[in-house]
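Here is a walk through one protein model, from its overall surface down to a single strand. Keep the coordinates open as you read.

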Amino acid sequence: MEENRYPPPKEFRTGKIDLDSTMKLLEKLQIPFDFTHVKHVFKKTVDKRKAHTINIEDFRAIYRTIVHKPELREIFRAYSPDCKILADTQLIEFLRKEQYETEDCETTALEIILKYEPIEEVRKRRQMSFEGFIRYMNSEDCSIFKNNHRTVYQDMNHPLCDYFISSSHNTYLISDQLIGPSHLWGYTSALLKGCRCLEIDCWDGSNNEPVVYHGHTLTSKIPFHSVIQVIDKYAFVASDYPVVVSLENHCSPKQQEVMADYLESILGDKLLTSTIGDTAVTQLPSPEALKFKILVKNKKVGTIEEGMLRRNLDSHGETGEISDFEIISDEDETDEKVPLYPKSDSQKRKSERRPSPLPRKKAKVKTKIAITLSDLVIYTKSEKFVSFEHSLANQKCYENNSIGEVRARKFVKHSAKEFVSHTSRFITRIYPKGTRTNSSNYNPQEFWNVGCQMVALNFQTPGVQMELQDGKFLDNGGCGYILKPEFLRNRNSTFTPHNVGRYSKPMSLSIRLISGHQLPPSNLSKTNKADPLVQIEIYGVPEDQAKKKSSVIKSNALSPRWDETFSFTVQVPELALIRFCVEDEISLVANEFLGQYTLPLLSLSKGYRNVPLLSKDGGNLEPASLFVHIWYY
C-alpha cells in the first residue's frame, strides 16, 4: 500500500497507538478529518481488539476507511492500467475527458503532480499515485465552484447601476429589531463578507454625540463615531471596490454636522467628497473608478454642482429644507425614512398608530438637512420614489430610490417591464417590511430578477435567503459587485421574469450525485450516524424554480453512496442559483438541516467535483462534502 512509504513516528513502532496519536498522525499526513468520525472508527477498531490502543496495521485500516473512497478508486482504475500509478499522459487524458479541461492540459497535469503527489520518487517520474490522486480530487482544484470565478473576472468599468451590489439592512443589529443588541460586530462581519452597502440608523444622542440604534425600540445604542471607525478599518479588507454608507437620518441639523465632521475626519481620503472628472454628472462612475472610496447615501439639498461650488467654504450652521410628500398608510410597511410620528397635531398621531384602512394619504413633511452633510452626498442621493413615470421624466442618474418589499413585489407582479426599465437607469434599493421585527428575510431572487441593485437583507439572520445572498456574491471574486446580465442593463430591454421570450438561453444540466463524505452526524445520534438525503434546488426566474430530492441512506454519515442522476433545463441561466442541501431524515414528516452549499449556475465546473458544505450560519464544515459529476450544454 502507498501509505507504507510514510515512515511511522516513534510511538507507532511500539504498536501502542491511542486516539490522540491517531489524530496527530492524520494531521501530519495533512488529511482533513472530522473528530467524531475518526473517534468512532477508532472505537470500533479497539472494541474488536478488546484493548485501548491500536497498532500500525490498524491505523492503516482506519486511514483507508476515512481516506480511500471506493468511488475515487473506481475512477483511478479506469485510467491507470496497473491500478497503482497514473502516468502524466493518463492524467492528461483524465483531465480532458472527465474534467473538461481544454487549455494547456500538459502544464496543468504537471502542476497537479507537483502540488499533490506526496511520494517523492513518483513525483520525480512525473507520475501520480492513488494517494496523490485522492489529494487532488479532494482539493479546491476539484471544487464545484469555477476556479476563475474566485477572482474578479468581470468588466468593472460599467456605471454603478449596471451591477448587483451586496447590501445589508440595519447592519448594526445582531439579532432582532425590537430589543436585540446593536453591535459594531454587525458592521465588521458584513464588511468581511464583502458587503458593499451598509445601513446606519442615526439619532440624536446626549452631549451632542449622534448614536446608532433602531429608533423607537429598546435595541441598545452605539456611538456614530465608533461605527465610522469600524468602517474605516474594515471597508477594504474583503474587496477593493466602493462601499456605500446608507444613512437613515433622524438627527437634528446640529448633530448632522457632527456626523459630517466625523465622516471627514475619520475616513479622510477614503471619503468621496467630489465628483470624479466632470462636475456635470451625466452617468454614474464605475466600481473601478471608485476603488477604495466610501460614498455617503443620504438626502441632499440641491444639485451636485451647487455643492461642489461650496466645497471650499465653511458651511457650518447652514441648513436646507427638503419637502417630501409622505405616504401615511402603506399596509404593513412603514417607510424607513418616515419618523414614526410625523410632526403634526395629536389627532393625526392617534390615527397614525392604527393602520388606516383608507387608500394612501399624502402629507407634506419638511426635513431639515445640514449643508455640511448634504454636500458629502455625491453619486448616491436618496430620492423619494413616486412612480416609474415620474422617475423617467424627472430623476437624475445619481438619484436612488428605496422601495419596501411589499410595494416592490406588487411592481414585479403588475409592472415588471417598467421596473426593469427603471433599474437599468437608477440604483434601486429594496428593504424588508417593517413588520419583520424578528429580522426575518424575504427571498432576494425575485428582486434580482428585475435588476434591483441593492437588495438589502438582515445579514444577522441565517436561512435560505442569506444562503442565496452568500451564494450569489461568491461570484466575481467575492468583491460584492456582480455585473448584471445584458438584458437587465439595456435600457430598451423588454425582458420580464414572467415572460423571458427571446432572452431565453436554455441550458441542459445533469448532476450525478455520487456520494457524501464525513457529513455532520445527526443531533439524535449518540455515535457518528445520520440518515442523509440531498435536495438540489434551482432559484431563478419563476419558470426555472425547481427542486429534486435524493433517496435517504440509512445510518451512514461517514460515506453515504447515492449514484443518482438529476436533470434540469434552465431558461435564464444568467440569473439562476443552484443550492445543494443535505438533511437528516428524523421522521417521515421532519428533516434536520446538516449542511448546504449555494452557487451561481454559471459558476459550476464540469466533471467530477466536490461540494464543500456550510453550516446554518455560513461557517465551513470541512471536511464534510458531497461528491458529484456535473455536465451541461
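Predicted model: local features only at pLDDT ≥ 70, side-chain atom pairs only at ≥ 80, totals over all residues.

**From surface to sheet**

Charge comes next. The protein carries 84 positive and 82 negative side chains. The centres of these two sets lie 3 Å apart.

Now the interior. Of the 633 residues in the protein, 57% are buried. Buried here means under 20% relative accessible area. Take the contacts in the protein with a separation of 6 or more: 72% of them join residues 24 or more positions apart.

What about overall dimensions? The C-alpha trace spans about 85 × 50 × 50 Å along its principal axes. In secondary structure, the protein has 21 helices and 23 strands. Its radius of gyration is 28 Å, close to the 26 Å that the globule rule gives for 633 residues, so the protein is as compact as a globular protein of that length.

Four strands form an open sheet in the order β11-β12-β13-β14, with parallel pairing. Strands β11 (381-382) and β14 (454-455) stand at the edges with a single partner strand each, so one side of each is left without a neighbour in the sheet. Strands of a sheet pair through backbone hydrogen bonds, either parallel or antiparallel.

Follow β13, residues 428-431. Its pairing with β12, residues 399-404, is parallel and rests on four bridges. Asn 401 has Thr 428 of β13 as its bridge partner. Ser 402 stands opposite Arg 429, also in β13.

Then look at the pairing with β14. Two bridges join β13 to β14, and these strands run parallel as well. Here Ile 430 stands opposite Val 455 in β14.

Which way do the side chains of β13 point? In a regular strand the side chains alternate between the two faces of the sheet. Thr 428 and Ile 430 point one way from β13. Arg 429 and Tyr 431 point the other way. Are these residues buried or exposed? All four, Arg 429 included, are buried.

Technical notes: Residues numbered from 1 in each chain as written. Heavy atoms only, no water. Pairing = 2+ DSSP bridges. Rg over C-alpha atoms; globule rule 2.2 N^0.38 Å. Buried < 20%, exposed > 50% of the residue type's maximum accessible area, 1.4 Å probe, protein only. Contact = heavy atoms within 4.5 Å. Lys, Arg positive; Asp, Glu negative; His and termini not counted. Charge placed at Lys NZ, Arg CZ, Asp CG, Glu CD.
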